[in-house]
Amino acid sequence: MTADPRDRLIVALDLPSVPEAAAMVERLGEAATFYKIGMELTYGGGLAFVSQLVRAGKKVFLDLKLHDIPHTVEQATRQVADLGATYLTVHAYPQTLAAAVAGRSASGLQILGVSVLTSMNDGDLASAGYGLGVSDLVRRRARQTFESGADGLICSGADVGAVRDTIGGGLKLITPGIRPAGSAVGDQKRVMTPAAAIAAGADALVIGRPITAAADPAAAARAIAAEIAGAA
């Protein structure tokens with residue numbers, strides 16, 4: 001990963017409209033270089049905003065969590081590859097991963113498999129019919145993502161150590177559910193501080209509300225980037 005700690009901080013633009021997202025990017029200025037556009041903003045016109053950010057010199061993580069029949073995933077990934085985003089997420093099922101890797105072709109788009117959402121715990125998986133707990137399922141998804149030829153895995157900071165033990169340095173590990181000390185946990189169930197996640201082996205962190213809901217988003221982003229630099 002880059003030596004610039006700002007490139008290891010992905011600011012989640014989980015906002016309802018493109019004008020609000022653009023205003024947040026303006027407020028953050030040079031304090032942030034990498035942005036996540038998820039489903040909420042995508043469905044509010046955010047796909048065109050991806051190219052706008054790329055033209056402005058920013059990096060984009062397009063968090064669509066694709067999961068469908070292989071043909072559909074492959075063709076959707078092929079469309080996304082033209083936008084200029086750095087990352088695209090798909091659910092880490094073998095067929096889905098393979099289809100996304102095929103669809104990105106030689107575009108440079110990097111595919112990230114989503115292991116287990118950080119809003120879920122063992123009880124949630126059991127209710128959904130899974131026979132594995134979070135730790136075991138994340139390990140399985142890590143192996144499947146590595147074997148697919150995808151580039152990285154989305155996993156909780158609490159799972160980073162187990163994933164590194166399973167696949168070594170073969171995948172970039174991108175960690176959501178990050179909350180600086182003293183921040184509200186919100187709807188997350190498996191959280192970790194920025195410093196702890198980096199020390200555990202995460203390559204980059206996805207952080208939204210602790211930055212975008214702060215009184216001074218740029219100051220909040222700079223503080224987290226400094227924490228990342230200190231833990232690296």
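**View 1. Strands S1 and S8 pair in the parallel sense.** Three bridges join strand S1 (residues 9–12) to strand S8 (residues 204–207) in this predicted model. Val11 stands opposite Ile207 of S8. Both strands belong to a closed barrel of eight strands, in the order S1-S2-S3-S4-S5-S6-S7-S8, with parallel pairing. Between neighbouring strands of this sheet the average turn is 25°, direction ignored. Strands of a sheet pair through backbone hydrogen bonds, in either a parallel or an antiparallel arrangement.

**View 2. Helix H3 lies across S3, S4 and S5.** H3 covers residues 70–81 and runs at about 165° to S3. Strand S3 itself is formed by residues 59–66 and includes Lys65. Although Lys65 is not a glycine, it has a positive phi of about 50°.

**View 3. Ser105 sits in the loop between H4 and S5.** Ser105 is not a glycine, yet its phi is positive, at about 50°. The relative accessibility of Ser105 is 52%, so this residue counts as exposed, the cut-off being over 50%.

**View 4. Helices H4 and H6 come within 9 Å of each other, axis to axis.** H4 is made up of residues 94–104 and H6 of residues 134–148. Their axes cross at roughly 30°. Because angles under 35 degrees count as roughly parallel, H4 and H6 are placed in that class. The crossing is right-handed. H4 contributes Pro94, Leu97, Ala98 and Val101 to the contact, and H6 contributes Gln144, Thr145 and Ser148. By class, the residues of this contact are four nonpolar, three polar and no charged.

**View 5. Helix H6 also meets helix H7.** The axes of H6 and H7 (residues 160–167) come within 9 Å and cross at roughly 45°. That angle makes H6 oblique to H7. H6 passes H7 in a right-handed crossing. On the H6 side, the contact involves Val138, Arg139, Ala142, Arg143 and Phe146. On the H7 side, the residues are Ala162, Val163, Asp165, Thr166 and Ile167. The contact of H6 with H7 has six nonpolar, one polar and three charged residues, whereas the contact of H4 with H6 has no charged residues.

Note on methods: Residues numbered from 1 in each chain as written. Predicted model: local features only at pLDDT ≥ 70, side-chain atom pairs only at ≥ 80, totals over all residues. Heavy atoms only, no water. Axes fitted to C-alpha atoms, helices over the stretch in contact; angles between N-to-C directions. Helix = DSSP H or I, 4+ residues; strand = E, 2+ residues; numbered from the N terminus. Parallel < 35°, antiparallel > 145°, perpendicular 65-115°, else oblique. Left-handed = near helix turned anticlockwise from the far one by under 90°. Contact = heavy atoms within 4.5 Å. Nonpolar A, V, L, I, M, F, W, Y, C, P; charged D, E, K, R; others polar. Buried < 20%, exposed > 50% of the residue type's maximum accessible area, 1.4 Å probe, protein only. Pairing = 2+ DSSP bridges.
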